[in-house]
Amino acid sequence: MNAVLIVDERNGLAFNHRPPSRDGALMEDLKTQIDGPLYATSYFGRMASRYGLDVCEDQPENEEDWVLFDHDPTPEEAEKINKILLYRFMDVYYPADERLSLDLSDFTIEEEMSFEGTSHDEIVREVLVRNAA
């Protein structure tokens with residue numbers, strides 16, 4: 001599967017089941033990065049659908065499907081991730097009760113760029129692909 005992760009600079013992933021931010025520029029960028037539905041549930045899914053993303057609450061059907069994680073991927077989920085679209089809010093530290101602990105050393109950065117958000121000075125987008133076994 002392909003994962004979408006949205007974190008602050010300290011890897012804060014969620015607080016009270018909500019993402020660190022609802023930045024409109026990030027959501028617009030996300031629409032340009034994925035094709036097909038975005039698998040998401042809870043608040044994250046509702047947030048993405050408000051920005052016009054095609055959100056599906058079912059389980060992903062194949063390894064090319066995109067999943068927007070509202071939690072730290074479990075070890076079982078982590079081993080299925082082949083590609084990560086990681087958005088990081090820079091110089092921002094939100095309260096978080098869920099932090100990303102996924103070992104990113106298993107992945108290589110394929111692309112990195114930063115852009116200005118609607119409510120953040122800088123958002124970094126990284127595309128990471130799993131290293132060959």
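Read from the N terminus, the elements of the protein chain go β-β-α-β-α-β-β-α-β-β-β-β, which makes 3 helices and 9 strands. Helices here are DSSP runs of H or I with at least four residues, strands are E runs of at least two, and both are numbered from the N terminus. The model is predicted, with local features needing pLDDT of at least 70 and side-chain atom pairs counting only at pLDDT 80 or more, while totals for chains, interfaces and linings use all residues. Residues are numbered from 1 along each chain as its sequence is written, and side-chain values use heavy atoms, with hydrogens and water left out.

As for overall shape, the radius of gyration is 14 Å, which agrees with the value near 14 Å that a compact globule of 133 residues would have (taken over C-alpha atoms; the rule is 2.2 Å times the number of residues to the power 0.38). Some 46% of the 133 residues count as buried (under 20% relative accessible area, with a 1.4 Å probe and protein chains only).

Strand S6 (residues 83–89) has 6 of its 7 residues buried. S6 runs parallel to strand S1 (residues 2–8), joined by 7 bridges, and pairs with strand S9 (residues 123–130) in the antiparallel sense, again over 7 bridges; pairing takes at least two DSSP bridges between two strands. Val 7 sits opposite Arg 88 in S6, and Phe 89 opposite Ile 123 in S9.

S9 also holds Glu 126, which is buried yet has no salt bridge: Arg 88, the nearest side chain of opposite charge, is 4.8 Å away. A salt bridge would need a side-chain nitrogen of Lys or Arg within 4 Å of a carboxyl oxygen of Asp or Glu. Beyond four places in sequence, Glu 126 touches Ile 84, Leu 85, Leu 86, Ile 109, Glu 111 and Glu 112 (contact: heavy atoms within 4.5 Å).

In helix H2 (residues 42–50), the buried residues are Tyr 43, Phe 44, Gly 45, Met 47 and Ala 48. Their cover includes S2 (12–14), H1 (24–33), S3 (38–39), S4 (55–56) and S5 (66–68).

Conventions: Buried < 20%, exposed > 50% of the residue type's maximum accessible area, 1.4 Å probe, protein only. Lys, Arg positive; Asp, Glu negative; His and termini not counted.
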